[in-house]
Amino acid sequence: MKILVLAPFDDGEVAKLRELGDVTYESWIEHKRLTGPDDLADRLNREGFDVVVVEAEFVTGDVLRAVPGLRVIGSTRGKPVNVDIATATELGKVVLQTPGRNADAVADLCLAMILDRVRHVSEADRAVRQGGWEFSLDKAVAPYLRFRGYDLRGRLLGLIGLGAVGQAVAARAQAFGMRVQAYDPYLPAEEFAASRVESVELDDLMRTSDVVSLHVELNPNTIDLLDDRRLRLMKPGSIFVNTARAKVTDQDTLTELALSGHLGGLALDVFDPEPIPSSHPLLGCERALILPHIGGATDDVVRNHSRMIREDLERIARGERPQRCANPEVLEALSEAR
């Protein structure tokens with residue numbers, strides 16, 4: 001097995017991969033270089049790789065058709081959005097994925113963002129650095145009055161999407177004493193019960209939640225899921241958090257609701273476009289926390305996806321079925337061919 005790894009990968013897992021065959025490891029982060037489709041196809045063909053593992057590179061249909069010897073594509077994403085799954089399936093190529101690789105990382109950040117908005121941590125820090133720690137009875141000046149927040153215990157968290165990240169957020173919020181409800185039409189009732197989360201309709205969630213947190217993937221069914229009408233259902237003083245994808249929401253409405261004071265807080269780790277334009281009004285809004293898409297930025301995420309890909313490549317090498325295959329119909333065809 002000849003393997004090209006362009007994704008960031010844990011050193012220990014690279015060493016284990018080398019036991020499977022010839023491994024070339026060139027993380028796009030360490031090499032500060034992304035390989036375009038034409039160059040990728042040329043290299044895969046020229047050097048005769050059986051397997052390629054990617055995070056930022058795109059394995060397009062043209063690449064797949066141009067490299068007949070490529071057998072396996074590993075995408076270190078929760079879903080392999082950077083791989084043409086349809087073409088890979090048509091050509092009988094196995095696509096591996098790493099679901100839940102960043103669930104804990106994103107859930108941790110989500111709770112940090114909620115706490116920041118509830119307790120005004122970022123604003124208080126900026127005020128201290130700017131000399132704003134004063135003893136005063138004036139609410140506009142006194143930190144104890146100006147940055148007064150509320151406890152999370154007893155508050156209602158509404159999760160839109162109760163997949164791996166949503167469930168991880170629910171568990172953390174429950175540890176803080178929050179009540180949790182969620183909208184996820186694709187999740188079985190027993191999953192809600194196991195997570196101790198109430199299933200509700202989306203409009204009801206928007207109306208009743210003290211904190212709304214978004215955890216759905218971007219697809220044709222979720223684009224503008226939270227449109228102008230739905231966003232305006234949120235309670236005065238409520239908090240909105242997005243660590244998923246910006247195009248699920250109406251950003252103009254979110255901006256208006258934050259600037260007008262209808263929202264008690266807005267916390268975004270994603271934006272459209274990225275990076276956020278320097279002239280955007282949210283950057284001057286004290287109610288808004290804007291982060292540069294760092295939800296999955298932990299070393300543990302790299303270790304997680306490295307282990308997942310390595311384990312499934314080992315299974316393939318042993319003639320076993322990989323556990324995290326994005327196109328299992330290819331496996332069925334291969335099994336029948338044997």
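Cys110 is buried, at 0% relative accessibility. Buried here means under 20% relative accessible area, exposed over 50%, and partly exposed in between, with a 1.4 Å probe and protein chains only. The model is a predicted one, in which local features need pLDDT of at least 70 and side-chain atom pairs count only at pLDDT 80 or more, whereas totals for chains, interfaces and linings use all residues. Residues are numbered from 1 along each chain as its sequence is written, and side-chain values use heavy atoms, with hydrogens and water left out.

The structure holds 0 disulfides, a disulfide being a pair of cysteine sulfur atoms within 2.5 Å. Cys110 is in no disulfide, and the nearest cysteine sulfur, that of Cys285, is 19 Å away. A disulfide is a covalent bond between the sulfur atoms of two cysteines. Cys325 is also buried, with a relative accessible area of 11%.

The protein has 15 helices and 12 strands. Helices (H or I, at least four residues) and strands (E, at least two) are DSSP runs, numbered from the N terminus. The C-alpha atoms fill a box of roughly 75 × 45 × 35 Å along the principal axes. Of the 338 residues, 49% count as buried. Contact means heavy atoms within 4.5 Å. Among contacts between residues at least 6 apart in sequence, 58% join residues at least 24 apart.

The largest nonpolar core contains 29 residues. A nonpolar core is a set of buried Ala, Val, Leu, Ile, Met, Phe, Trp, Tyr and Cys residues joined through side-chain atoms within 4.5 Å. Ile114, Leu157, Leu159, Val169 and Val241 touch the most other members. Two or more residues each come from helix H6 (103–119), strand E6 (156–160), helix H9 (164–175), strand E7 (179–183) and strand E10 (239–242). H6 gives the largest share, 9 residues. Leaving aside neighbours within four places in sequence, Val241 is in contact with Cys110, Met113, Ile114, Val211, Val212, Ser213, Leu214 and Ala267. Another core, of 27 residues, lies apart from the largest one, and includes Leu214, Met234, Ala244 and Leu268.

Helix H3 spans residues 37–47, and its buried residues are Leu40, Ala41, Arg43 and Leu44. These residues cover an arc of only 165 degrees around the axis, so they lie on the same side of H3. The arc is that of the directions from the helix axis to the C-beta atoms. An α-helix has 3.6 residues a turn, so residues three or four places apart point the same way. On the other side of H3, Asp38, Asp39 and Arg46 are exposed. The buried residues pack against strand E1 (2–5), strand E2 (22–25), strand E3 (51–54) and helix H4 (61–66). Gly48 follows H3 and has a positive phi, near 70 degrees.

Within H3, Ala41 is buried, with a relative accessible area of 11%. Not counting residues up to four places away in sequence, Ala41 touches Val63, Ala66 and Val67. Ala41 and Val67 are 26 residues apart in sequence, yet 6.2 Å apart in space, C-alpha to C-alpha.

Glu26 is found in the loop between E2 and helix H2 (28–31), and is buried at 17% relative accessibility. The side chain of Glu26 makes a polar contact with that of Arg43 (2.7 Å). A polar contact is a pair of N or O atoms within 3.5 Å; within protein, one must be able to donate a hydrogen and the other to accept it, and residues adjacent in sequence count only if both atoms are side-chain atoms. Beyond four places in sequence, Glu26 touches Val5, Leu6, His31, Arg33 and Arg43.Arg310, in helix H14 (residues 299–317), is buried at 10% relative accessibility. The side chain of Arg310 makes a polar contact with the side chain of Glu13 (2.6 Å).

Helix H13 (residues 251–260) has Gln251, Thr253, Leu254, Thr255, Leu257 and Ala258 as its buried residues. They pack against helix H12 (228–231), E10 and strand E11 (265–268). At the start of H13, a side-chain oxygen of Asp250 comes to within 3.1 Å of the backbone nitrogen of Asp252. Just after H13, Gly261 has a positive phi of about 90 degrees.
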